[in-house]
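Work through the exercises below with the sequence and the 3D structure at hand. Try each task before reading its solution.

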2 protein chains.
Amino acid sequence: MAKQHLPLPLGFLASGIHAGLKKTGKPDMALLVSRFPAVTVGMVTTNRVKAASAKHTEKALKAGKKIQAVLVNTTNANALTGKQGEKDVLKTAKTVAEYLGITAEAVLTHSTGVIGIPLPMPKILAGVRQAVLRLSGNGAMDAAEAILTTDTFTKVSARPLMMVGKKSWLTGMAKGSGMIHPNMGTMLVYLLTDVQISRPLLNQALREAVGESFHRITVDGDVSTNDSVILMANGACGNKPLTYKGECYEQFVKALKEVCLDLAKAVVRDGEGATKFVSVTATGAKSDLDAFKIAMTIAKSPLVKTAIFGADPNWGRVMMAAGYAGASIDEFKTSVVIGGYLLYNGGKKVSWSREKLKKILSRKNVDIVVDLKLGKAKTTVYTCDLTDGYIDINGRYTT
Amino acid sequence: MAKQHLPLPLGFLASGIHAGLKKTGKPDMALLVSRFPAVTVGMVTTNRVKAASAKHTEKALKAGKKIQAVLVNTTNANALTGKQGEKDVLKTAKTVAEYLGITAEAVLTHSTGVIGIPLPMPKILAGVRQAVLRLSGNGAMDAAEAILTTDTFTKVSARPLMMVGKKSWLTGMAKGSGMIHPNMGTMLVYLLTDVQISRPLLNQALREAVGESFHRITVDGDVSTNDSVILMANGACGNKPLTYKGECYEQFVKALKEVCLDLAKAVVRDGEGATKFVSVTATGAKSDLDAFKIAMTIAKSPLVKTAIFGADPNWGRVMMAAGYAGASIDEFKTSVVIGGYLLYNGGKKVSWSREKLKKILSRKNVDIVVDLKLGKAKTTVYTCDLTDGYIDINGRYTT
């Protein structure tokens with residue numbers, strides 16, 4: 001089967017290579033490069049135990065440095081590796097910079113994989129050389145493949161943009177299927193665009209888009225030490241720089257939200273061991289926070305997630321989880337609808353059949369709606385089922 | 001094998017019978033009765049969606065009513081059953097009271113099982129009659145068996161007490177193996193004693209003991225709609241009433257803590273699908289809350305729990321979880337020791353072998369100690385591994 005094509009915005013190059021990190025021989029190192037220094041914003045894991053590379057990225061983003069290259073290695077997270085880990089990040093960035101003839105300050109390096117083991121530097125540095133040699137305007141899919149770990153498919157999305165006559169692109173790729181939880185305990189995500197846009201606007205656009213996508217998904221509730229969302233805008237399309245919120249900005253934000261939501265949903269669909277895609281909507285909540293808490297608590301509940309896996313018609317667990325979310329709820333008002341089928345309505349008699357619910361829960365997509373009937377706030381979050389596949393993958397991750 | 005004996009304190013009777021609720025024919029209804037109205041204190045689930053019986057119990061405890069009987073049915077939680085559920089609780093309590101010749105206000109009824117389906121009242125009421133007929137001073141083990149659901153063994157513990165020449169007992173039984181999490185999202189626990197003690201002291205003793213036992217365990221982080229800890233003191237041993245904190249009170253509290261910890265550990269050991277017992281200690285924390293947050297976040301982490309199940313030498317996940325606990329942590333100070341084996345020491349080089357760690361993780365008991373070296377606070381919590389057994393049990397619970 002021909003490889004899916006992923007367009008790169010103007011002025012971007014990418015590659016994905018095998019640096020000898022994955023025992024399987026699969027691609028395990030990716031490089032994303034912009035010909036011009038790009039305005040770059042991002043969000044980094046909230047975990048207080050951050051990988052050396054995550055700390056380095058955080059510092060670079062805070063300093064507002066323009067970025068030209070991002071190197072990503074898999075199999076090793078370079079987290080909890082002490083001072084050595086920090087030195088290895090700098091050494092890697094310096095090597096990338098030397099090969100590309102740019103400054104080391106314009107390089108981010110990201111790592112994902114096992115925690116607590118030093119980076120295999122000879123392999124990493126040899127890999128960098130190879131990754132630079134393979135850079136190409138057609139390399140986006142190679143890069144998207146090379147950042148995967150336990151993922152079973154590549155996660156990519158792109159949208160064309162029209163900036164007052166200038167054609168441009170927004171292209172995204174993501175990896176992640178475990179340790180997935182909101183607030184940047186998520187995954188690695190790279191968003192590239194050739195639109196010219198000011199840093200404050202770019203930052204605001206990213207925060208808005210992440211709030212409606214990567215902050216709305218959960219796989220297991222664990223929060224990674226490494227994960228980051230990076231958005232690079234190199235301005236190569238030559239549009240009049242976006243500096244205020246006009247039509248072009250709205251178009252850009254809309255595309256960004258769509259790409260982020262595509263990627264976020266793909267991450268959940270590929271959740272470790274997942275067999276089903278689950279969307280949970282809390283509506284009629286008193287506040288946005290209440291809606292989020294209830295939807296997310298249901299989405300996180302191992303008992304809800306195992307019931308969905310087994311297609312066990314045990315809808316009571318949805319209300320059980322809603323009840324301990326720490327949000328306002330009145331069991332005599334709330335209703336629960338799964339796959340369009342009313343199961344609970346404020347404790348009044350509802351006639352539902354176990355067989356029909358079992359059939360609904362057996363589908364690949366399960367849609368849960370809890371209506372609290374207390375207000376107007378509404379939120380949807382996305383998750384997957386909890387399966388023996390998850391146990392299997394995570395019981396032998398390093399072995 | 002002869003059934004284990006569980007002593008009942010003076011003036012208590014118990015029974016466990018099959019009321020036709022469990023398809024397997026196993027005991028499914030328990031009755032605990034005191035000949036005298038007993039000073040009774042307790043704690044009820046913090047879930048905002050409470051079962052009808054949990055709400056009824058909460059009200060009775062708040063009113064400070066003396067209690068004489070507790071009826072427990074399994075297979076049906078009588079939760080989210082609307083007004084009908086509340087009526088069924090009152091009807092059941094009234095029936096128990098009539099058979100025993102006591103007032104309905106002195107009866108608590110508890111339910112555990114599937115949420116959202118009305119109680120099968122004809123079976124429940126017929127069961128009550130049978131349970132009353134079978135009451136006996138030797139019925140404690142029968143009752144302990146009859147409250148079980150997905151449990152694989154009975155959970156009991158007892159301590160003899162000497163109250164200035166008066167011999168008495170403290171006897172406890174518990175059920176619970178899923179939806180286990182602190183703050184009374186726990187299980188059903190019954191603690192009976194013939195000691196004479198004032199309500200305020202009894203209440204204080206229970207809160208102290210629960211704080212060090214049932215609030216220190218987690219199986220899956222889910223919080224039940226039904227669960228309660230009930231402590232009944234009927235005063236039958238004839239001691240001088242305990243009304244202040246003297247030697248006798250200290251003895252009582254010590255026994256209560258031991259019994260609660262025995263039961264809490266048994267619940268974790270019997271966690272749904274569990275193959276291992278895991279204790280997690282956070283020491284050197286800045287505050288008790290920090291120690292608790294870190295120990296509990298590690299104990300809850302699906303990635304830690306699956307690694308322990310698979311004996312995967314992936315200790316980095318322990319630090320990953322500690323990092324997102326929301327407590328103070330410095331990776332350059334913290335150390336991680338599993339089964340007495342040092343694995344991480346502030347990022348300094350530690351030589352540890354995967355083979356040795358794998359062996360340690362293969363044992364039935366796994367002991368994790370995280371030393372934060374930031375202060376003096378210390379807490380230990382207990383959990384179990386996350387296994388395909390958990391998925392299996394919960395993917396087909398109602399079927």
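**Exercise 1: overall shape**

Task: Find why the radius of gyration of chain A agrees with that of a compact globule.

Solution: Chain A has 399 residues, so a compact globule would have a radius of gyration near 21 Å; chain A has 22 Å, which agrees. The radius is taken over C-alpha atoms, and the globule rule is 2.2 Å times the number of residues to the power 0.38. Next, the C-alpha trace of chain A spans about 70 × 55 × 45 Å along its principal axes.

This is a predicted model, in which local features need pLDDT of at least 70 and side-chain atom pairs count only at pLDDT 80 or more, while totals for chains, interfaces and linings use all residues. Residues are numbered from 1 along each chain as its sequence is written, and chains are lettered from A and ligands numbered from 1 in the order in which they are written.

**Exercise 2: domains**

Task: State how domain 1 and domain 2 of chain A are placed.

Solution: Begin with the bounds, 12–264 for domain 1 and 277–395 for domain 2; they come from an automatic or database domain assignment. The centres of the two domains, over C-alpha atoms, are 33 Å apart. Then take the contacts (C-beta atoms, placed from the backbone, within 7 Å): 8 residues of domain 1 of chain A meet 10 residues of domain 2 of chain A.

**Exercise 3: contacts in sequence**

Task: What percentage of contacts in chain A between residues at least 6 apart in sequence join residues at least 24 apart?

Solution: Take the contacts in chain A between residues at least 6 apart in sequence; 80% of them join residues at least 24 apart.

Definitions and conventions. Two residues are in contact if their C-beta atoms, placed from the backbone, lie within 7 Å.
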